[in-house]
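Subject: Structure handover

Dear colleague,

I am passing on the structure below, followed by notes on what was found in it. Please read the notes with the structure open.

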Amino acid sequence: MISLTSPIETRAHHWSAGLKLGLLCATTLGLFFVESLIFHSVFLLGVIALYAMPGKAFFISGWQHLKMLWPFILVVAVWHLWTQEFALGATIIIRMVAAVALANLVTMTTRLSDMIEVVRFLARPFARLGLNTRALELSIALVIRMTPVLVSKGQSLSWAWKARSNKRSGWRVILPFTVLALDDADHVAEALRARGGLTNMEKK
Amino acid sequence: MEKNLTYTALFAALIAALGLVPKITLAFGVPITAQSMGIMLCGTILGAKRGGLAVLLFLLLVALGLPLLSGGRGGLGLFVSASGGFLIGWPIAAFVTGLIVEKWRSASLAVVSTVASILGGIVVMYVFGIAGMAIVLKKSLPDAAMLTMAFIPGDIVKAVIAGLLTSAIAKARPASVLSRAA
């Protein structure tokens, strides 16, 4: 499965993922305490400049990820045109776009393996409280492995439906689909147990 | 133990796969996706704890940058966008849904699951979603609530389907409905 990390290497790809995430948290929190339209506009321009630095292809793919915001922008714009609070509306829109763009920037410049490393680091204190961190890592791997498997099974189910009916399958294939997922879960559990199970992993 | 882990992981994968089911558009133009039905099913089938964990696991992978949300969306930006509150409410929604199914055993599973999906998957989820929207869009809570009302009918349809599916799954694979096991 392809992660949303940009294949275009930037300098930020080599920065520590923990540092990027920490800065992102602090900056995003800060953005919600400032009300100045000028501040937010300058900040957004800065974020746009960061997107532009690695080149055109990076900028365009960043733009694609932001398109999902347009319904919210439209709602806020219409709302504040109606109430005539133009500055407030502009601040809200600019702040939301900047916050989402900055977070996406971290996602685009951080590899999945680096992110998982951060999760492992953050989970470490919980290991003392009894959390099985290996189980957590195994579940992450299982989801990444099984999602494409389930997707292809779902596709076969809807093809089987289409071969027999000219109507759309809609929600009706979800029943056999869920049953297939449950059976897979049983099989994978058995396979894990046959290989020594989770307790064996803890001993290593 | 292994079963708990694989059920949690497989349901996280199921939520992702349901994101690929094409959207159905209601009569008045509001799109509904199957993904939030996956959240309800996590609760009704896996129960409170495992259901909540499955949804948490799914969100963790979204936050790590995998494009698992409907429409191939993913990444950290989603959590700070106007609909981020809904995502944050998802694990709690699954937990509450599961808790109701675990505790309320006097009525038929289909009815219990539908009611649990409405209380957990709609009421709880919208509380978080509306709060998130109010913060990001700087609206009062009633104003933010008004902006989300168009999605309620679709979610009620999903809750009813989730209830029917749960009772059908209980017939097909009784041992797999962990919310009612033991």
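Two residues are taken to be in contact if their C-beta atoms, placed from the backbone, lie within 7 Å. On that basis, 45 residues of chain B are in contact with 52 residues of chain A. The elements that give two or more residues to the side of chain B that touches chain A are helix 1 (2-18), helix 3 (48-63), helix 4 (77-80) and helix 8 (152-172) of chain B, where helices are DSSP runs (H or I, at least four residues) numbered from the N terminus. Helix 1 of chain B provides the largest share of that side, with 13 residues. By class, the side of chain B that touches chain A holds 32 nonpolar, 8 polar and 5 charged residues (Ala, Val, Leu, Ile, Met, Phe, Trp, Tyr, Cys and Pro count as nonpolar, Asp, Glu, Lys and Arg as charged, and the others, Gly among them, as polar).

This is a predicted model, in which local features need pLDDT of at least 70 and side-chain atom pairs count only at pLDDT 80 or more, while totals for chains, interfaces and linings use all residues. Residues are numbered from 1 along each chain as its sequence is written, and chains are lettered from A and ligands numbered from 1 in the order in which they are written.

Chain A is divided into domain 1 (11-114) and domain 2 (132-203), with bounds from an automatic or database domain assignment, and the C-alpha centres of these two domains lie 36 Å apart.

Also in chain A, Met146(A), Leu150(A), Lys153(A), Gly154(A) and Leu157(A) in helix 7 meet Pro176(A), Phe177(A), Leu180(A), Ala181(A) and Asp184(A) in helix 8. The residues of this contact divide into 7 nonpolar, 1 polar and 2 charged.

Kind regards
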